[in-house]
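Dear colleague,

Please find below the structure that I promised to hand over, together with its sequence.

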Amino acid sequence: MPVLNPVERTALLTAALRAAETRRPDRLYEDPYAAGLAGDEGPDLLAEIRAATFPPDRLRSLPSTPDYNAIRTRFFDDLLQDAARAPETTQIVLAPAGMDSRAYRLSWPGRIRYFEVDRPSVLDFKAERLRGVAPRVDHRTVAVDLTDDDWEDRLGAAGYDRTVPSTWLLEGLLYYIPEADSRRMLQRVAAISAPGSRIAADIVNRAALSLPHMRGLLDVFAGWGCPWVFGTDEPEALFAQYGFDVRALQPGEPDADYGRWPDPVPPRDVTEVRRVFFVHGRRR
């Protein structure tokens, strides 16, 4: 079985969270492949997160990772499915793909080409755990590192057409990579996205990287070797610099709640609070 690096191992955490959500009677989605993708390691990672988030000896002060992940998954499920229903949508790109199983668990129109971009070790790991399971879409994997100079060419060789609109999902990526790399990623995606293309991503604010009450969660990720290193207080402005007009929602706001977010949502003008944003919009 291929060995995953620290950031890639967080994909096993996400799979474990999705498996746990699938077992809930009030689940926001069903992912029948998540438990197999998480394996034995994913639940161990989740146990560390739960221990930090829900300490037995005091009230929870950290955001609820299970509720956040459930909302994020459902939000991006809905967004991708909505994009796929538009007649002009013919290509969807997940970068990075991680242990995501949307190509296998959701229904897609026959005209969709569905690209998963990630390092060879991740895609090999995932293929091994999904052995015998057929995707429900024209599924194309692109085995590259997103820091490579030629990943756009490799994506094109797999059938991506930069002259027609596309839909991109950058899930669980931007806060793990330095600001310069995040900006470079957005610049590169913009350069191969035709006008009208959609983009979606999640990102934290700057305070989430340093607030004392976040330390319990931040220390877990840092201990795994994948600290959070980038956040922005103005996600709309960040994406606008690269030609994307976007809206940024916080979990718990009306279009990103699903009845599951347990905490108040502070107004955007309140400073020194932790925020996560779901960003979505279009290329100008």
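Helices (H or I, at least four residues) and strands (E, at least two) are taken here as DSSP runs, numbered from the N terminus. On that basis the chain holds 10 helices and 7 strands. Please keep in mind that this is a predicted model, in which local features need pLDDT of at least 70 and side-chain atom pairs count only at pLDDT 80 or more, whereas totals for chains, interfaces and linings use all residues. Residues are numbered from 1 along each chain as its sequence is written, and side-chain values use heavy atoms, with hydrogens and water left out.

As to overall form, the radius of gyration (over C-alpha atoms, with a globule rule of 2.2 Å times the number of residues to the power 0.38) is 18 Å, which agrees with the value near 19 Å that a compact globule of 284 residues would have. Along the principal axes, the C-alpha atoms fill a box of roughly 55 × 45 × 35 Å. If contact means heavy atoms within 4.5 Å, then 76% of the contacts with a separation of 6 or more are accounted for by residues 24 or more positions apart.

For burial I use relative accessible area with a 1.4 Å probe and protein chains only, calling a residue buried under 20%, exposed over 50% and partly exposed in between; 54% of the 284 residues count as buried.

Two other positions may be worth a look. Ser-61, in the loop between α3 (41–53) and α4 (65–85), counts as partly exposed at 47% relative accessibility, and its C-alpha atom is separated by 40 Å from that of Thr-141, 80 residues apart along the chain. Ala-127, found in helix α6 (residues 120–129), is likewise partly exposed, with a relative accessible area of 49%; Ala-127 and Phe-54, 73 residues apart in sequence, are 33 Å apart in space, C-alpha to C-alpha.
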